[in-house]
Amino acid sequence: MFNIEYNKNPQEYSALSLAYIGDAVYEVYVRSRIMSEHADMPPAKLHRLSTEFVKASAQAEAVKSLTDHLSEKELTVFKRGRNAKPHTSPKNADISDYRFATGFEALVGYLYLSKNFERTEEIMRRAYDSASIHSPAHQQLHQ
């Protein structure tokens with residue numbers, strides 16, 4: 001995706017650092033998908049719709065549907081993120097959802113930093129598709 005060299009092996013980053021970059025990567029993916037599907041939608045509505053996909057509950061639901069499709073290494077990275085002790089508390093999320101979302105973001109960050117872009121996109125696509133099934137806002141657009 002981006003040709004940036006990192007000075008560490010992805011496994012050497014903390015789980016929360018992986019989640020930090022994974023959050024951004026997934027946000028760009030979601031916004032890109034939404035713009036491709038709703039090209040004429042006003043930006044304010046695009047933003048509201050994207051929040052349905054990136055909120056902790058949607059990510060938690062998505063990653064729960066993905067765990068059977070993860071390799072042993074990916075599952076380990078997810079669990080590192082899920083079990084990490086955050087320095088902040090969730091504002092609008094259940095703590096369990098927040099932890100699962102952090103695990104998901106750590107996995108995306110790990111795959112991205114590993115430059116395994118094909119697998120990164122596959123995981124994000126599955127998560128997006130799972131979230132779209134559960135998103136009331138998205139369902140209303142496709143009725």
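Modeller: Buried means under 20% relative accessible area, exposed means over 50%, and partly exposed is in between, using a 1.4 Å probe and protein chains only. This is a predicted model, in which local features need pLDDT of at least 70 and side-chain atom pairs count only at pLDDT 80 or more, while totals for chains, interfaces and linings use all residues. Residues are numbered from 1 along each chain as its sequence is written, and side-chain values use heavy atoms, with hydrogens and water left out.

Biologist: At 29% relative accessibility, what does Asp129 count as?

Modeller: A salt bridge is a side-chain nitrogen of Lys or Arg within 4 Å of a carboxyl oxygen of Asp or Glu. Asp129 forms one with Arg33, the closest N and O atoms being 3.3 Å apart. With a relative accessibility of 29%, Asp129 counts as partly exposed.

Biologist: How many residues apart in sequence are the parts that Arg33 and Asp129 tie together?

Modeller: Helices are DSSP runs of H or I with at least four residues, and strands are runs of E with at least two, both numbered from the N terminus. The salt bridge of Arg33 and Asp129 has its closest N and O atoms 3.3 Å apart. Arg33 lies in helix α1 and Asp129 in helix α6, so the parts tied together by the pair are separated in sequence by 96 residues.

Biologist: Which residues touch the most other members of the largest nonpolar core?

Modeller: A nonpolar core is a set of buried Ala, Val, Leu, Ile, Met, Phe, Trp, Tyr and Cys residues joined through side-chain atoms within 4.5 Å. Among the 35 residues of the largest such core, the most other members are touched by Tyr26, Phe104 and Ile123.

Biologist: Which helix gives the most residues to this core?

Modeller: At least two core residues come from each of α1 (15-37), α2 (43-54), α3 (56-66), α4 (72-83), α5 (95-113) and α6 (117-134). With 9 residues, the helix that gives the most is α5.

Biologist: Which residues does Ile123 touch, not counting those up to four places away in sequence?

Modeller: Contact means heavy atoms within 4.5 Å. With sequence neighbours up to four places away set aside, Ile123 touches Leu66, Leu70, Phe104, Leu107, Val108 and Leu111.

Biologist: How far apart are the ring centres of Phe53 and Tyr128?

Modeller: Rings of Phe, Tyr and Trp (its six-membered ring) pair if their centres lie within 6.5 Å; planes under 30 degrees apart count as stacked, over 60 as edge-to-face and the rest as tilted. By this rule there are 6 aromatic pairs. The planes of Phe53 and Tyr128 meet at 10°, so the pair is stacked, and the distance between the ring centres is 4.3 Å.

Biologist: Which helices hold Phe53 and Tyr128?

Modeller: Phe53 is buried at a relative accessible area of 0%, and Tyr128 is buried at 1%. The pair ties together parts that are 75 residues apart in sequence, because Phe53 and Tyr128 lie, respectively, in helices α2 and α6.

Biologist: What is the angle between the planes of Phe78 and Phe100?

Modeller: Phe78 is buried, with a relative accessible area of 2%, and Phe100 is buried, with 19%. Their rings form a tilted aromatic pair, 5.8 Å centre to centre, and the angle between the planes is 50°.

Biologist: Which side chain of opposite charge is nearest to Asp97?

Modeller: Asp97 is found in helix α5. For charge, Lys and Arg count as positive and Asp and Glu as negative, while His and the chain ends are not counted. Asp97 touches Ala56, Ser57, Ala60 and Lys64, leaving out residues up to four places away in sequence. Asp97 is buried yet has no salt bridge; at 4.3 Å, the nearest side chain of opposite charge is Lys64.
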